[in-house]
There are 2 protein chains.
Amino acid sequence: MTQPTDKKRTTRRRFLAGAAGLAAAGASSARADNAKNLPPNVADWTRQLGEGVGVRAYGNPSKYEKHVIRRTVPWLTATPESSVSFTPLHQLDGIITPNGLCFERHHGGIAEIDPNDYRLMLHGLVEKPLIFALDELKRLPRVNKIHFLECAANSGMEWRGAQLNGCQYTHGMVHCVQYTGVTLKVLLEQAGLKPNAKWIMAEGGDAAAMNRSIPLGKALDDCIVAYRMNGEMLRPEQGYPVRLVVPGWEGNVWVKWLRRLKVGDQPWFTREETSKYTDLLENGKARQFTFLMDAKSVITSPSPQAPVKQKGFNVISGLAWSGRGKIKRVDISLDGGRNWRAARIDGPVFDKACVRFYYELDWNGEELLLQSRAMDDTGYVQPGKDALRKIRGVNSIYHNNGIQTWALKADGEVENVEVG
Amino acid sequence: MTQPTDKKRTTRRRFLAGAAGLAAAGASSARADNAKNLPPNVADWTRQLGEGVGVRAYGNPSKYEKHVIRRTVPWLTATPESSVSFTPLHQLDGIITPNGLCFERHHGGIAEIDPNDYRLMLHGLVEKPLIFALDELKRLPRVNKIHFLECAANSGMEWRGAQLNGCQYTHGMVHCVQYTGVTLKVLLEQAGLKPNAKWIMAEGGDAAAMNRSIPLGKALDDCIVAYRMNGEMLRPEQGYPVRLVVPGWEGNVWVKWLRRLKVGDQPWFTREETSKYTDLLENGKARQFTFLMDAKSVITSPSPQAPVKQKGFNVISGLAWSGRGKIKRVDISLDGGRNWRAARIDGPVFDKACVRFYYELDWNGEELLLQSRAMDDTGYVQPGKDALRKIRGVNSIYHNNGIQTWALKADGEVENVEVG
């Protein structure tokens, strides 16, 4: 834990000077309907035996957390099989996303694959084409890596100005888990690459047979053919039983339900890298193969779905990540980008993974324009939205990593607003 | 990823020389019942649209993973409300335990607490007694820490020799997640400690009102009043909405459904630290307040519930942890402890957290006695079971961190056996 500065310590003391003393709380609780549950009284749940072990062999969240779910935006796509559900970032903390809340993006729905019938084919410009059953992949040397996964279209609605009201919708196509699997490098070494090998095509086993071209250099660098997330087998909606992990690159190339890897000497120019997942510029030309997800951050709380409940001491919490490497620093602005101060990064900082940042604020009720700005260890600094638009125009859907602004109102409500 | 040595590389090549070539696999698949699903054929799941987004707002594992569950041993305790369910360690990898599979240990069942009615009382030898609502705890500065939690009774059946057949039962009372919360130190500073403060009593809000005494030094060092695990709110069976995190110490003091913290000048000698959770020695005396969980490890696969399926290249996988600090090294023996060689630790190594280790083995079918031995950064080395028994006898239930032995048979089956 980073030690708070003396200034913060003073602020914190001030906050708690206003916290309920035991006697006072007892007095007020006596008036409340739920007084029987407040200490020093003994609550109902202490008076009766609770549910035993074995009832829930695979556990689920409390019934009081039923509002913490992935959410969809029905008008966004024509069908639910080719759509998105968003991670509730405003209701999470730390850096690990629970598997049940990782956002979904499908192109032909969730393939339901019997792991006994699963096969991965590796062919093309290789010395020896190979087919792997799941058990064969599991026999190979394993690696464990914590990485973020962000859809290229995350924050895509923001190109033309502040749109959806909530970080679940503006930034919720990102999650971060620990993957276990075999490196793609090991598989390619087994097959043996031919001298003219330069690209790899990864194809999914879903109804869309989603496929993308990936340069060989990346494939040999840090890609993982993964079958586990956060310890257990991949979830169906995340590619069960096998997906490709392409650290730091757009989610679309992290092919799920991975069926086929083909080695070639040039890209395949598939649908998803020509008509989609390209960046249409102002002059009508499009940038292609823009795989990298640049440094980005967002304040997850307070945010439009997580308003401030009271004046005084509050924690500003957020996530930052970069496809280029490690997050080195996150700054916070309270005035829409005029002044910046360093946020506190708490918890582990991994390469191409989310980090959690905090900024402790003694809020007197004044209106604020909250922003966060991420910097990574390559020196890249997250740009403002207008700076991004100057180069890229507003035609694009993808790769919007501009600084997000939340307007905190006097009543504690928060709005998504447009500040260059 | 650690680079494999040349020797390992050769082994791996040898393994894959035996893997199915594309043509051969195609030929054999033509004979199989499920041939239609094998490449280069297109499987059923690619021919039909899958389930869309929004159907499972909170996701669950694949229907093909229904066997990956916490399991109970009905004869172990009189009632399920005062019992244990075990983490399926043999079916997991990496270091993060998914929340739904974290083992349970209750003394009066799972308290079902409405978070709006939740209160934490802090009183005793303090300047200002305080009561915190959940929202008030969330307003305080937060920390994120990944820690293991191990029940003192984990491996307790092994004191008198090899017993239960499976690491889920011998070692499954351990899990490892990322916690988010406020340090206990911050809370105590707010209340203000009186000069004679030396111990803290933590009490649960469950039907057992489980309570334990903790020395003030530990409370001020690294304890966390946590409300989140792996990003989301604590699960009900893990103390929702608030539990105490006592890094590196026995799980019994990580009080769940935390209701009360009382500061005193001596321990309370509660039921759980007098009649239970003490270590009965050979001479009839009992060690008390043996909080620390010493360095320990277990091979999770192969293990009795996870036999070896074929000869040739196989990955030995396991977990190691230490309540004293970081795991520095893990050794593997194939011959019951006569010869040792270093395992490869893969993935992050945190203070008082699980680490994942691997050892790649080219198995020719010979019978082996598999063991793992953990060393931490204080120089502590996990002892053999007999070495432990020499000092502690066999009357104890708790704190068995002896080296575990799995006998790998010629047919790939694995048994829990007794080797000093």
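This is a predicted model: local features need pLDDT of at least 70, side-chain atom pairs count only at pLDDT 80 or more; totals for chains, interfaces and linings use all residues.
# Strands, domains and a chain contact

Strand E20 of chain B, residues 344-346, pairs with E21(B) in the antiparallel sense over three bridges.

Now turn to chain A as a whole. Chain A holds eight helices and 24 strands. Its radius of gyration is 24 Å, close to the 22 Å that the globule rule gives for 420 residues, so chain A is as compact as a globular protein of that length. The C-alpha trace of chain A spans about 80 × 60 × 45 Å along its principal axes. Of the 420 residues in chain A, 55% are buried. Contacts in chain A can also be sorted by sequence separation. Among those with a separation of 6 or more, 71% join residues 24 or more positions apart.

Across the boundary, 33 residues of domain 1 of chain A are in contact with 35 residues of domain 2 of chain A. Which elements build the domain 1 side of this contact? Strand E6 (143-150), helix H5 (167-171), strand E7 (174-183) and strand E14 (279-280) of chain A each supply at least two residues. H5(A) gives the most to that side, with four residues. By class, the domain 1 side of chain A divides into 17 nonpolar, eleven polar and five charged residues.

Is A:Asp279 buried or partly exposed? Burial takes 20 or more C-beta neighbours within 10 Å. A:Asp279 has 18 C-beta neighbours inside 10 Å, so it counts as partly exposed. Beyond its neighbours within four places in sequence, A:Asp279 is in contact with A:Ala286, A:Arg287, A:Thr290, A:Arg392, A:Ser396, A:Tyr398 and A:His399. A:Gly393 is 114 residues away from A:Asp279 in sequence. In space, their C-alpha atoms are 9.6 Å apart.

Next comes a sheet of chain A. It is open, has five strands and uses mixed pairing. The strand order is E5-E4-E13-E8-E9. Strand E5 (130-133) and strand E9 (211-215) of chain A stand at the edges. Each has a single partner strand, so one side of each is left without a neighbour in the sheet. From one strand to the next, the twist averages 15°. Inside this order, E8 (residues 199-204) and E13 (residues 258-264) of chain A pair in the antiparallel sense over six bridges. A:Glu203 stands opposite A:Arg260 in E13(A).

Finally, the two chains meet. Chain A brings 106 residues to the contact, and chain B brings 106 residues. The side of chain A that touches chain B has 46 nonpolar, 33 polar and 27 charged residues.

How values were computed. Residues are numbered from 1 along each chain as its sequence is written. Chains are lettered from A and ligands numbered from 1 in the order in which they are written. Two residues are in contact if their C-beta atoms, placed from the backbone, lie within 7 Å. Ala, Val, Leu, Ile, Met, Phe, Trp, Tyr, Cys and Pro count as nonpolar, Asp, Glu, Lys and Arg as charged, and the others, Gly among them, as polar. A residue is buried if 20 or more other C-beta atoms lie within 10 Å of its own, exposed if 12 or fewer, and partly exposed in between; C-beta atoms are placed from the backbone. The radius of gyration is taken over C-alpha atoms; the globule rule is 2.2 Å times the number of residues to the power 0.38. Two strands pair if DSSP finds at least two bridges between them. Axes are lines fitted to C-alpha atoms, for helices over the stretch in contact, and angles run from 0 to 180 degrees between N-to-C directions.
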